[in-house]
Every structure is written in C-alpha cells, then in structure tokens.
Amino acid sequence: MEIRELTGGDADALVALYAAVLPDSPTAQTTDPVVPQGFLDDPATFALGAYVADGPVGLAWGIGMRSPSGRLTTYLHELDVRSDHRRQGIGTALVTAAMDLGRRRGSTRFWLSTGGHNEAAQALYASLGGDCKPLGDVNYWWEFDRDA
C-alpha cells in the first residue's frame, strides 16, 4: 500500500480517486478539470490517496486553518476506504499521513469529526491516541443558494 499526496497537475488523478472510492460523489462526476485543479492549487487544502498495486482504494482530504493568533490547525474533513479494503490499515495510514502533513505545514492541532454511530471510525481514532470529547461534537452547516 502506498499513500500519495495529490498536488498541482493531479486533477485527473483526484477525480479518478473519487470515482474508485466514492463514485456517487460530485467530485467523481465532475467533467470540469478546473474545479479539482483549483482545490489542489489552494495552499490551505490537501488530498491524499491510498493505492494498492497502483489501484486507488482510499482517500482523505482536509484543510489547514490559521487563527488570528497565527496558530495553524489541520482539519481532516473526509476519510473513506473502499469496503473491500477496510480493516487492512489503510484508514490508519491515511490519518497518520494527514497528521504528518499537518505537522510539516506547521500545524499545532489536528482534528476531525465523526458520527456517534460510527464505531469503527471511533475505534480507529482512539487507537491513534485521539482525545475524544465525552459528549462528542455537534456540527451545524448551512447551504447557500449560489445564485443569490
């Protein structure tokens, strides 16, 4: 298994990664290479792919956020491994690679969120020494009309 950071010029590889791991996602279905390339060109974001025998089997992406005090925090927004490759250390390798990338970029904190029902993910994050909040995190989000 190999973990690769996708960088500039890897827009097609990013779309192929999503097509293999999350085929129903908007990223997997995009036909405009400008959009994924813009993501990869953004210095705050990152994307990682896990490959077995050069075939994509897992992905992770996130963002580095700088506070007004200057502290950089890395947030892992998405982690997924194809169901036929789970429980083989791929998720662990992706999270560890994301943590290492955050450290190299100067982050002092790394965080992620998962559903309270996702016991497998919780076990993975606990095995990596993650500090779980006793009551868990609650996340809210809003979608805005792009035409407004």
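Mentor: Helices (H or I, at least four residues) and strands (E, at least two) are DSSP runs, numbered from the N terminus. This is a predicted model, in which local features need pLDDT of at least 70, side-chain atom pairs count only at pLDDT 80 or more, and totals for chains, interfaces and linings use all residues. Residues are numbered from 1 along each chain as its sequence is written, and side-chain values use heavy atoms, with hydrogens and water left out.

Trainee: Which glycine follows H4?

Mentor: That is glycine 106, and its phi is positive, near 100°.

Trainee: Which residues of H4 are buried?

Mentor: Ile90, Gly91, Leu94, Val95, Ala97, Ala98, Leu101 and Gly102. Buried means under 20% relative accessible area, exposed over 50%, and partly exposed in between (1.4 Å probe, protein chains only). Looking down the axis of H4, the buried residues fall within an arc of 160° (taken from the directions from the helix axis to the C-beta atoms), so they line one face.

Trainee: What does the face turned away from the buried side carry?

Mentor: There you find the exposed residues Arg103 and Arg104.

Trainee: And what covers the buried residues of H4?

Mentor: The cover includes strands S1 (2-6), S2 (45-52), S3 (55-66), S4 (72-81) and S5 (109-111), along with helix H5 (119-127); contact here means heavy atoms within 4.5 Å.

Trainee: New topic: how many salt bridges are there?

Mentor: The count comes to six, taking a salt bridge as a side-chain nitrogen of Lys or Arg within 4 Å of a carboxyl oxygen of Asp or Glu.

Trainee: Which residues are linked in a network of them?

Mentor: Glu2, Arg4 and Asp54 are. Arginine 4 meets glutamate 2 at 3.2 Å, N to O, and aspartate 54 meets arginine 4 at 2.5 Å. Aspartate 54 sits in the loop between S2 and S3 while arginine 4 belongs to strand S1, so this pair ties together parts 50 residues apart in sequence.

Trainee: Is aspartate 54 buried or exposed?

Mentor: Exposed, at 60% relative accessibility. Arginine 4 is partly exposed at 26%, and glutamate 2 is partly exposed at 40%.

Trainee: Which side chain does aspartate 80 meet in a salt bridge?

Mentor: Arginine 86, at 3.1 Å, N to O. Aspartate 80 is buried, with a relative accessible area of 19%, whereas arginine 86 is partly exposed at 45%.
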